[in-house]
Amino acid sequence: MMKFKDRIKELREEKGISQQAVADSIFVSRSAVAKWENGLGLPSKESLRLLSEFYHIEESELLKEQLYEKELISKNIKIKRMKLSIVLS
């Protein structure tokens, strides 16, 4: 199964468009699109919906619901641990 970051980059490149063009179309910053494509974050539910509409595919083709929540929780835990280690240092 292709990772979300790879799938959205592939879709964008297939269309031959820039990250900025995607960002403008779904009302986010170019850096947000870059972050998603580099695996450094996940879109909000609303951005995910807009991405699926933009690429004319089902949300489930981009990201399965359980996987989305699991990855989001995992990333949040890592961020909290990093913040805690910085505070404790």
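Where is the place of F27? F27 sits in the loop between α2 (19-26) and α3. The legends below return to this residue after the overall fold, the cavity and the charged pairs. The model shown is predicted.

**View 1. The whole chain is built from helices.**
The protein chain has 6 helices and 0 strands. Along the sequence the pattern reads α-α-α-α-α-α. The chain counts 89 residues, and 31% of them are buried. Among contacts with a separation of 6 or more, 56% join residues 24 or more positions apart. Salt bridges number 5 in the structure.

Searching the whole structure gives 1 cavity of 30 Å³ or more. The space inside the largest cavity is about 30 Å³. Its lining consists of I8, R12, V22, V33, W36, E37, L51 and Y55. Three helices, α1 (4-15), α3 (30-37) and α4 (45-55), each supply at least two lining residues. Helix α3 gives the most, with 3 residues. By class, the lining holds 6 nonpolar residues, 2 charged residues and no polar ones.

View 2. The place of E37 is in helix α3. E37 has a relative accessible area of 6%, so it counts as buried. Setting aside residues up to four places away in sequence, E37 touches K5, I8, K9, R12 and Q19. The side chain of E37 also makes a polar contact with the side chain of R12, at 2.6 Å.

**View 3. R12 and E37 form a salt bridge.**
The side chains of R12 and E37 meet at 2.6 Å, N to O. Are R12 and E37 buried or exposed? Both are buried. Side chains of opposite charge can pair when their charged atoms come close.

**View 4. E10 and R7 pair within helix α1.**
A salt bridge joins the side chains of E10 and R7, at 2.8 Å from N to O. The two residues are 3 apart, about one turn of the helix. E10 counts as partly exposed because its relative accessibility is 30%. R7 has 17% relative accessibility, so it counts as buried. The cut-off for buried is under 20%.

**View 5. E46 and R49 pair within helix α4.**
E46 forms a salt bridge with R49. Their closest N and O atoms are 2.4 Å apart. What separates E46 and R49 along the helix? About one helical turn does, because they are 3 residues apart in α4. E46 counts as partly exposed, at 42% relative accessibility. R49 also counts as partly exposed, at 30%. Salt bridges with shared partners join E46, R49 and E53 into one network.

**View 6. F27 has a positive phi.**
F27 is not a glycine, yet its phi is positive, about 65°. The residue lies in the loop between α2 (19-26) and α3. Is F27 buried or exposed? F27 counts as exposed because its relative accessibility is 68%.

**View 7. H56 also has a positive phi.**
Phi of H56 is near 55°, a positive value in a residue other than glycine. H56 is found in the loop between α4 and α5 (59-62). Its relative accessible area is 69%, so H56 is exposed.

Methods: Residues are numbered from 1 along each chain as its sequence is written. This is a predicted model: local features need pLDDT of at least 70, side-chain atom pairs count only at pLDDT 80 or more; totals for chains, interfaces and linings use all residues. Side-chain values use heavy atoms; hydrogens and water are left out. On a 1 Å grid over the protein atoms alone, a cavity is a set of points where a 1.4 Å probe fits but cannot get out, and a pocket is an open set with protein on both sides within 12 Å along at least five of seven lines; lining residues have an atom within 4 Å of a point. Grid points are joined across faces, edges and corners, and a volume is the space filled by probe spheres set on the points. Helices (H or I, at least four residues) and strands (E, at least two) are DSSP runs, numbered from the N terminus. Ala, Val, Leu, Ile, Met, Phe, Trp, Tyr, Cys and Pro count as nonpolar, Asp, Glu, Lys and Arg as charged, and the others, Gly among them, as polar. Buried means under 20% relative accessible area, exposed over 50%, partly exposed in between (1.4 Å probe, protein chains only). A polar contact is a pair of N or O atoms within 3.5 Å; within protein, one must be able to donate a hydrogen and the other to accept it, and residues adjacent in sequence count only if both atoms are side-chain atoms. Contact means heavy atoms within 4.5 Å. A salt bridge is a side-chain nitrogen of Lys or Arg within 4 Å of a carboxyl oxygen of Asp or Glu.
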